[in-house]
Protein chains: 2
Amino acid sequence: MSTPSASYFSRRATVRNFKPEAPSRELLRDLMEQAMRAPTTGNMQLYSAIVTTDSQKLDTLRGAHFRQPASMAPVLVTICADVRRFERWCELSQAEPAFRNLQGLMAAILDASLFAQQLTTVAEMNGLGTCWLGTTTYNAPEIAEMLHLPSGVVPIGTLAIGYPGAQPEQCERLPLEAVVYDEEYPDHSDREILELFKAKDEFPANAKFVTENGKQTLAQVFTDIRYPKSTSDPFSKKFHDFLLAQGFEL
Amino acid sequence: MSTPSASYFSRRATVRNFKPEAPSRELLRDLMEQAMRAPTTGNMQLYSAIVTTDSQKLDTLRGAHFRQPASMAPVLVTICADVRRFERWCELSQAEPAFRNLQGLMAAILDASLFAQQLTTVAEMNGLGTCWLGTTTYNAPEIAEMLHLPSGVVPIGTLAIGYPGAQPEQCERLPLEAVVYDEEYPDHSDREILELFKAKDEFPANAKFVTENGKQTLAQVFTDIRYPKSTSDPFSKKFHDFLLAQGFEL
């Protein structure tokens with residue numbers, strides 16, 4: 001079956017290698033306007049986006065992203081959950097807001113993510129490449145300081161944007177039945193789980209990854225090298241403390 | 001300036017009124033396949049989607065969404081942050097996962113949201129209408145019970161999907177300069193904040209909303225009726241307890 005949108009959506013891939021030229025401000029503005037039509041909780045738009053193109057600021061910001069290759073993009077857009085702007089409007093309108101709790105934070109995180117994903121799509125459909133930098137929540141306090149993020153504002157992701165330096169290869173995905181379930185969550189057996197991940201384990205680039213890292217299984221690359229407890233626990237505590245420092249009650 | 005994607009993205013609007021006929025399973029599968037190409041943290045796909053079309057199950061699920069009009073859609077897709085499947089694969093592959101912390105939860109929430117937003121876009125581009133039900137985090141424990149969501153799985157949003165019953169009207173958005181900032185977060189004055197929200201305050205449907213609810217300002221409709229502290233605080237505590245019950249350490 002082939003739907004009208006399939007040609008773009010089934011082929012898209014993340015870009016990590018960018019040309020040095022930045023897209024024009026006019027194009028960026030236009031993309032952001034379109035991204036702002038993404039759904040948002042109660043139409044409150046509990047998010048902000050900070051666009052960094054200044055070379056000195058980019059250099060500092062890249063440091064917070066461990067100078068990973070994709071952070072070398074000419075534009076970094078820091079996506080923030082933001083209850084502050086809406087709260088201020090409430091306070092100036094004889095209204096008492098209550099968004100500094102977990103529900104307010106969740107609404108703001110979801111608003112920010114939906115905007116970010118629409119920005120990804122719009123940017124890619126207009127010839128740009130993008131990469132989502134998950135390192136944002138690791139170094140949120142440092143990023144907040146660099147971008148002057150006040151209380152009520154939390155960076156949750158960063159979109160690296162630029163013209164693709166090379167056509168990226170698509171990575172593998174789990175089969176549909178691993179992720180989408182009918183009516184209720186299935187009670188998979190161990191054998192079924194291994195079966196669902198079989199293609200992932202055998203994907204050539206992944207198999208190479210295992211050898212290069214001197215591991216026995218692909219899963220060990222994730223648990224021992226990419227997302228080990230020894231760093232994800234301290235980064236979790238750091239982000240938790242940051243949420244409190246930004247004025248959220250959890 | 002007009003970019004190729006503008007015709008869809010600048011015009012899209014949320015649908016809350018659906019025809020009774022459900023889209024075919026074949027179409028739904030195809031949309032999900034395309035949505036699965038959305039970016040995901042480390043390609044771990046820390047999310048699941050549960051598709052409800054059974055009329056009895058739909059009825060129960062609608063109850064958890066307060067029977068809001070959009071929940072009457074013929075298809076409800078519950079979007080879940082899900083570290084469980086990936087963890088199980090790790091454990092079966094001689095690897096020790098550490099995703100039950102705040103960083104793991106954030107990665108899973110972002111993965112789930114990006115998938116959901118790509119599903120929104122793909123569905124709408126193929127003639128369907130969608131509405132994001134934010135009520136999911138209010139009644140997460142009830143929804144988890146209905147859908148048999150095990151430990152490690154948290155519903156974060158629900159996408160109502162169906163053929164539009166009526167062409168929806170677009171609601172207003174804040175001006176771009178209210179949401180997207182160059183280089184750093186601006187220090188808005190009170191007057192500037194009110195200026196940025198002026199069009200929202202004056203939008204005819206919003207002005208009507210204020211009168212109908214017997215309020216003085218639009219902001220009061222949000223703080224006193226839609227998101228009052230008296231419900232958002234208890235719903236926050238309920239969701240927090242649920243996250244702990246699903247095995248996350250916060």
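The model is predicted, so local features need pLDDT of at least 70 and side-chain atom pairs count only at pLDDT 80 or more, while totals for chains, interfaces and linings use all residues. Residues are numbered from 1 along each chain as its sequence is written, chains are lettered from A in the order in which they are written, and side-chain values use heavy atoms, without hydrogens and water.

In chain B, helix 10 (residues 204-212) packs against helix 11 (residues 218-226) at an angle of about 55°, the axes being 9 Å apart. Helix 10 and helix 11 of chain B are therefore oblique to each other. B:Asn206, B:Phe209 and B:Val210 of helix 10 meet B:Leu218, B:Val221 and B:Arg226 of helix 11 in this contact (heavy atoms within 4.5 Å). Axes are lines fitted to C-alpha atoms over the stretch in contact, with angles from 0 to 180 degrees between N-to-C directions.

Chain A holds 12 helices and five strands (DSSP runs of H or I, at least four residues, and of E, at least two, numbered from the N terminus). Of its 250 residues, 60% are buried, that is, under 20% relative accessible area with a 1.4 Å probe and protein chains only. A:Ala178 lies in helix 7 (residues 176-179) of chain A and is buried, at a relative accessible area of 0%. Beyond neighbours within four places in sequence, A:Ala178 contacts A:Leu196 and B:Arg85.

Note on methods. Buried < 20%, exposed > 50% of the residue type's maximum accessible area, 1.4 Å probe, protein only. Parallel < 35°, antiparallel > 145°, perpendicular 65-115°, else oblique.
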